[in-house]
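Thanks for coming, everyone. I have a short tour for you today. Please take a look at the screen.

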Amino acid sequence: MVSQITRGIKISVSTSFEGTYFKNYRIQFAFSYEITIENQSKDSVQLNTRHWEIFDSLNDIEMVDGEGVIGKKPVLKPGEKHTYSSGCLLTSPFGAMRGYFNMVNFTSTRSFKVIVPTFRLSAPFALN
């Protein structure tokens, strides 16, 4: 698990290898990840958008931007947590992801970025 705190918002990420699949006549390596967003600040915040950079060791970097996370824009009061799971497919057994969440502080009404630390995606059978 990796964790990082930005402006009182702690992001923790754990990953799992889910298996291999054939898609469009190519083998794909499936990974899941679970992200916990913990508000350690004294203000209520809301997650509005996300940005991902997905690194695949056999492919170019893929950028993904979108509203919220898995269809939600969670509001977190001080001390609250929000956990969600998602996943991605890679063309190789090794990769990584990193990114950020755009959030708004309800007290100051200011937007700010919360960094999601780089987390590795690796199939256990490919490790030596």
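This is a predicted model: local features need pLDDT of at least 70, side-chain atom pairs count only at pLDDT 80 or more; totals for chains, interfaces and linings use all residues.

Let's start inside. The largest nonpolar core has 25 residues. Which of them have the most contacts inside it? They are Ile-11, Ile-35, Ile-37, Trp-52, Phe-101 and Met-103. In soluble globular proteins, nonpolar side chains tend to be buried together.

Where does this core come from? Six strands are on my list, each with at least two core residues: S2, S3, S4, S7, S8 and S9. For orientation, S2 runs over 9–23 and S3 over 26–39. S4 covers 45–56, S7 covers 81–90, and S8 covers 94–105.

Next, charges. How many salt bridges does a search of the whole structure find? It finds 2. Side chains of opposite charge can pair when their charged atoms come close.

Take Arg-98 and Glu-53. Their side chains meet in a salt bridge, at 2.9 Å from N to O. This pair links distant parts of the chain. Arg-98 sits in strand S8, Glu-53 in strand S4, and they are 45 residues apart. Is Glu-53 buried or exposed? Its relative accessibility is 16%, so Glu-53 counts as buried, the cut-off being under 20%. Arg-98 is partly exposed, at 38%.

The other pair is Lys-73 with Glu-67. Their closest N and O atoms are 2.7 Å apart. Lys-73 is partly exposed, with 39% relative accessibility. Glu-67 has 52%, so it counts as exposed, the cut-off being over 50%.

Now the largest pocket. Its volume is about 190 Å³. The lining has 14 residues, and the closest to the pocket centre are Tyr-33, Trp-52, Val-64, Ser-86 and Gly-87. You have met Trp-52 already, among the core residues with the most contacts. What is the lining made of, by class? There are 10 nonpolar, 2 polar and 2 charged residues. S4, S5 (62–67) and S7 each supply at least two lining residues. S7 gives the largest share, with 5 residues.

Last stop, Ser-111. This serine lies in strand S9, residues 111–122. Ser-111 is exposed, with a relative accessible area of 59%. What does Ser-111 touch, leaving aside neighbours within four places in sequence? Met-103 and Val-104. Met-103 takes us back to the core, where it is listed with the most-contacted residues. Phe-55 is another matter: 56 residues from Ser-111 in sequence, and 27 Å away in space, C-alpha to C-alpha.

That's the tour. Over to you.

Key: Residues are numbered from 1 along each chain as its sequence is written. Side-chain values use heavy atoms; hydrogens and water are left out. Helices (H or I, at least four residues) and strands (E, at least two) are DSSP runs, numbered from the N terminus. Buried means under 20% relative accessible area, exposed over 50%, partly exposed in between (1.4 Å probe, protein chains only). Contact means heavy atoms within 4.5 Å. A nonpolar core is a set of buried Ala, Val, Leu, Ile, Met, Phe, Trp, Tyr and Cys residues joined through side-chain atoms within 4.5 Å. A salt bridge is a side-chain nitrogen of Lys or Arg within 4 Å of a carboxyl oxygen of Asp or Glu. On a 1 Å grid over the protein atoms alone, a cavity is a set of points where a 1.4 Å probe fits but cannot get out, and a pocket is an open set with protein on both sides within 12 Å along at least five of seven lines; lining residues have an atom within 4 Å of a point. Grid points are joined across faces, edges and corners, and a volume is the space filled by probe spheres set on the points. Ala, Val, Leu, Ile, Met, Phe, Trp, Tyr, Cys and Pro count as nonpolar, Asp, Glu, Lys and Arg as charged, and the others, Gly among them, as polar.
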